[in-house]
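Here is a short report on a predicted model.

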Amino acid sequence: MNKGLGSMKADSSAEEVVRLGWNLLREDLSLPSVVLYRDRLEHNLAWMQRFMDAYKVRLAPHGKTTMAPRLFQMQLDGGAWGITLASAHQTMVAHAHGVHRVLMANELVGRQNMQMIANLLGDAEFEFYCLVDSAAGVEMLGKFFSALGLRLNVLLELGVIGGRCGVRDDAQIEQVLGALAQWNNTIQLCGVELYEGVLKEEKDIRAFMQRACDVTRSLLERKAFARGPALLSGAGSAWYDVVAEEFAAAGFGDAVEIVLRPGCYLTHDVGNYETQQKRILASNSIAREMRSGLVPALHIWAYVQSTPEDELAVVTMGRRDAAFDSGLPTPALHFRPGRDEPIATPTHWETTKMMDQHSYLKIAAGDDVRVGDMVGFNISHPCLTFDKWRILPILDEAYNVVDVVQTYF
């Protein structure tokens, strides 16, 4: 599948594409097309790394957002500790593209999935961690990996009532520890993990973080960890500031390596994550000192293909092209081929409906909109936009194609 750059051959290299000298505004790209902006990617990359460094915590961005090894490498080159992933398949893709440290923030279940990871563990340079939250899970992993003579690194996953995976109470923790003791030559406990995004209120999230610190401290005292320093990991893309504050305040020093896992920051959005970023900039002293926040680095561009009513323009973008689960794409830029540069769209323009290949753009009677015009849209929830595209061009500030990103979903 070669969705994204029209006539480009599927096996074309990034260098070959760049040599073509394509430019979005000259209509060299087949629209609709998702594009990334190089300067904004670089800004977001540096911003988040600076934020993590200020708290003296490590960054392992969640790769499921993009599943783009080119972007993984940008993040690693920028200082990331490793890449977070969610499945054995994703881990296999990352390893094949040179990622040497993966935190799989999920349980590893099923024979074929375990075999995929076992195959990767044959690489002595590859460092891998997954999660456990039950004695049954430990038993399954122990039997499989012991038969192969392999050791598997795991983190104890904490959860909350009504949440997702993770042990709910001390009794469940003891059950997991008991199972780990039976397989201590095969399954190695290396730390504690949680995902706070299942909670909505800051006070609840802070309490969850403090519980994680208490559990980690208790396990340190019991010398339960096979890794030194032990790992303590949390943080999705919405509450990374609160997680950083609480974990850093625990005062573990060199005994614990704190790893945070936001992923959507690289491209950002204009939906939930923009709302959370405004909260962070208003309430977090380190973010305020940095004086700038994350910026949207991804647009989907589409053509106006029909203006059948005075207040309606139909554009060539639909649910097959962009996420719509957290809000419809919002128009940001308007360009008429032949003009010098795009202009901001009027504030009254609004996407009101999406079908498979069409979107309804509400305009005002008399607006200067023609068939063939190009509209650039911001999106909400980048995860479910990336997975619709296999090839994404990276543009410079003049809208020239300067690099290409391929995804592997």
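**Sheet.** Eight strands make up an open sheet with parallel pairing. Their order is E2-E9-E8-E7-E6-E5-E4-E3. The edges are strand E2 (58–59) and strand E3 (83–85). Each of these two pairs on one side only. Strands in a sheet pair through backbone hydrogen bonds, either parallel or antiparallel.

Strand E7 (residues 187–194) and strand E8 (residues 230–234) run parallel, and three bridges join them. Glu 193 faces Ser 233, which belongs to E8.

**Helix on the sheet.** Which strands does helix H7 lie across? Helix H7 (residues 170–182) lies across strand E5 (127–132), strand E6 (152–158) and E7. The helix runs at about 170 degrees to E6.

**Cysteines.** How many disulfides are there? The count is zero. A disulfide is a covalent bond between two cysteine sulfur atoms. The cut-off here is 2.5 Å between the sulfurs. Cys 264 is in no disulfide either, with the sulfur of Cys 383 as its nearest cysteine sulfur, 3.7 Å away.

| Residue | Relative accessibility | Class |
|---|---|---|
| Cys 190 | 3% | buried |
| Cys 264 | 3% | buried |

Cys 190 therefore counts as buried, at 3% relative accessibility. Cys 264 counts as buried too, also at 3%.

Technical notes. Residues numbered from 1 in each chain as written. Predicted model: local features only at pLDDT ≥ 70, side-chain atom pairs only at ≥ 80, totals over all residues. Heavy atoms only, no water. Pairing = 2+ DSSP bridges. Helix = DSSP H or I, 4+ residues; strand = E, 2+ residues; numbered from the N terminus. Contact = heavy atoms within 4.5 Å. Axes fitted to C-alpha atoms, helices over the stretch in contact; angles between N-to-C directions. Buried < 20%, exposed > 50% of the residue type's maximum accessible area, 1.4 Å probe, protein only.
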